[in-house]
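The briefing below is grouped by topic.

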Amino acid sequence: AGDQEAAWEMYVELITRVTTQQLDGDTGDEETALTSVYNLFEITREILKRKGREAPNFTKIAVIVLNQIIRPFTAKWHRKKIAGAFVNADECLEFRDELAVLQTKLRGYSKMLANIAMVEDLTDLEI
């Protein structure tokens, strides 16, 4: 039950953010998108503190995703943001390209979370 609850909480956060939802070329803002990705650290930590002991499978997956998938992206782009990258059109395009790669990985994560939470995966649902 702990894994299922923790996975559900994280799943809801992922599927309602730019982390899994496309950022079209003429919409959105790079800095806001970076902040949304970065916020996954605090969200995940909160879930782990509340439910981690009862959610060993979620904990393993979440820690790996944070440290091996999200951290390299946020570390690179936080430094670039401080250096003014988001006023440069080429840097913004590079960010969006790398965000698209990250989103693909995080869609896989959201599908795993849906399975653990035992819910239908809505990540790619279109109307």
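Ring pairs join Phe73, Trp77, Phe86 and Phe95 into a cluster in this predicted model. The count of aromatic pairs in the model comes to six, and the pair of Trp77 and Phe86 is stacked, with 5.9 Å from centre to centre and 10 degrees between the planes.

**Geometry within the cluster**
- Phe86 also pairs with Phe95, and this pair is edge-to-face, with the ring centres 5.2 Å apart and 80 degrees between the planes.

**Burial within the cluster**
- Trp77 and Phe86 are both buried, and for Phe86 the relative accessible area is 15%, which is under the 20% that marks a buried residue.
- Phe95 has a relative accessibility of 0% and therefore counts as buried.

**Tryptophan 8**
- Trp8 lies in helix α1, which covers residues 2-15, and counts as partly exposed because its relative accessibility is 42%, a value between the 20% and 50% cut-offs.
- When neighbours within four places in sequence are left aside, Trp8 is in contact with Ala117 and Val119.
- Trp8 and Gln68 are 60 residues apart in sequence, and their C-alpha atoms are 21 Å apart in space.

How values were computed
Residues numbered from 1 in each chain as written. Predicted model: local features only at pLDDT ≥ 70, side-chain atom pairs only at ≥ 80, totals over all residues. Heavy atoms only, no water. Phe/Tyr/Trp six-rings, centres within 6.5 Å; stacked < 30°, edge-to-face > 60°. Buried < 20%, exposed > 50% of the residue type's maximum accessible area, 1.4 Å probe, protein only. Helix = DSSP H or I, 4+ residues; strand = E, 2+ residues; numbered from the N terminus. Contact = heavy atoms within 4.5 Å.
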